[in-house]
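Please walk through the model shown here, one region at a time.

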Amino acid sequence: MTKRSDDVLSALGLGETQSGLFAGTWRADARGGELVSIDPSTGAPIARVVQASAEDCDEAVAQAARAFEAWRRVPAPVRGELVRKIGEALRAKKTALGALIALEVGKIRAEAEGEVQEMIDVADFAVGLSRQLYGKSMHSERPSHRMLEQWHPLGVVGVITAFNFPAAVWAWNALIGAVCGDAIVWKPSEEAPLTAIAITRIVDDVVRASGHPPIFALACGGRDVGARLANDRRVPLVSATGSCAMGRIVGETTARRFGRSLLELGGNNAVIVMDDADLDVATRAILFAAVGTAGQRCTSTRRLIAHKSIAKELTRRLVDAYARVKIGDPLAEGTLMGPLVNARAVDGMMKALAAARAEGAEVLCGGERVDRAGFYVTPAIVRAPRDLAIAREETFAPILYVFEHDGLDDAIAMNNAVAQGLSSAIITRDLRASERFLSAEGSDCGLAYVNMGTSGAEIGGAFGGEKETGGGRESGSDAWKAYMRRQTVVVSYGGEVALAQGIRFGD
Ligand code: UN1
């Protein structure tokens, strides 16, 4: 362990070796083998985690199922009070947790702290929600009948998260699930187990002090743990964030047992820039969306679809802006871009660029490995021919493919021409163009922004996308409904038996 990681870990009470299994208590007997978490900015080990095996995951589910039986009887506003305290505990640890996220996955400190803020925001949202889990009442067609719907807790929710948002995505699911009355079993990314352990410790302290059952379980582990969770009939909902390939397995596995899945998978997000756009706004918005988090957000801008009359000038400004991006230690002041998460991600970026070149694309800047320890690259801008096949795939790296369009219809068609449907944006001053982009014949994505980039969603909206992005919605709006079961209730109070549809039966 280096001095740097030692400081970050000790601020959160973590040592050199941690159990990655929390099932009511921290378990010292986890059987999933040891994993070393690596600092991507140096390649040095941070700490060891003893992972859960698939059988350990069964135990975590069994414990969560027991906790659920008690938790579902706790009134929702009281559940909200627990989440309020969790939000307070996260506020107190914002800097420390931000530093751990930066250390473990390499995102810069400002973004890592922003991610903790996202958890805090979701906690606040969930507290309010705990008094607003509204059902409807309907007018029955039968006399002296009352009809309504109500929402009950669902059960144990499996939450599978990716490395790039190792904290916030758990919070979207777990804190909303908690006010809904569910218990959570979390399978974090193998790239970010320490963040998950630190969060589970913070949260469990609050749960224990409040005298509530241990509703937040943790099973750090590999694919076998995720697969086990997806296959477990005691888990009515599995919420999974990650690649389309992973989501396909989770979706198929849960569907086979008639469980539910909530999928938040790959994106291939475009920004359309019209000929009337404010190019300063465009440059700044695209810079953050394409280079932020080193291009490793599911919402990162991967495609720029620029009007042919401004494409050259906008590309020139972007190449200039890219040259000024300070790449380096994510924990250091002033860094704008940290490393990629691991060596595989660097290879993936290089392969994508080689494929692009082979198809006739021109790399205008970046796209190189940086000669230092850790997994650093320079962000790339690529002038792309229209039908560039590699640009239809999501490469989790800072590559921006630039395409030209010759009008709004053409641009919208290009935006929608990929398999993924997460985020999209248009930059224009023309109200008619932006409204058409937002209309039924406009962007086909779950998120649509005007005069902004594609990343950086607020928690208050429902987050997710269409097509191969998986169709799930998490976080704000009425996404809570996925974490509850709906019950339609009819009560007859007139002393008569009346059948719907006016049916008379034997009278
Ligand atoms: C993700 O990359 O999986 O909209 C989530 C954003 C963030 C969430 C990204 N609030 O960029």
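Helix H11 (residues 311-323) has 13 residues and spans 18 Å from its first C-alpha to its last, close to the 18 Å expected at 1.5 Å a residue; the expected span is 1.5 Å times one less than the number of residues. Helices (H or I, at least four residues) and strands (E, at least two) are DSSP runs, numbered from the N terminus. The model is predicted: local features need pLDDT of at least 70, side-chain atom pairs count only at pLDDT 80 or more, and totals for chains, interfaces and linings use all residues. Residues are numbered from 1 along each chain as its sequence is written, and side-chain values use heavy atoms, with hydrogens and water left out.

Which residues of H11 are buried? They are Ala311, Leu314, Thr315, Leu318, Ala321 and Tyr322. Buried means under 20% relative accessible area, exposed over 50%, and partly exposed in between (1.4 Å probe, protein chains only). An α-helix has 3.6 residues a turn, so residues three or four places apart point the same way. On the face of H11 turned away from its buried side are the exposed residues Lys312 and Ala323. The cover over the buried residues of H11 includes helix H10 (279-291) and strands E12 (269-273) and E13 (301-307), where contact means heavy atoms within 4.5 Å.

Next comes strand E8 (residues 183-187), which is mostly covered: five of its five residues are buried. Ala183, Val185 and Lys187 point one way from E8, while Ile184 and Trp186 point the other way.

Strand E7 (residues 156-160) runs parallel to E8 and is joined to it by five bridges; two strands pair if DSSP finds at least two bridges between them. Val159 has Trp186 in E8 as its bridge partner. Together with helix H6 (residues 168-179), E7 and E8 make a right-handed β-α-β unit. Right-handed means that, with the strands pointing away from the viewer, the path from the first strand over the helix to the second runs clockwise.

Three bridges join E8 to strand E9 (residues 216-219), also in parallel. Val185 stands opposite Ala217 in E9. From E8 the chain crosses through helix H7 (residues 193-210) to E9, and this β-α-β crossover is right-handed.

Elsewhere, an open sheet of three strands has the order E5-E6-E23, with antiparallel pairing. Its edge strands, E5 (137-138) and E23 (484-492), each pair on one side only. Nine bridges join strand E6 (residues 145-153) to E23, and His145 has Ser492 in E23 as its bridge partner.
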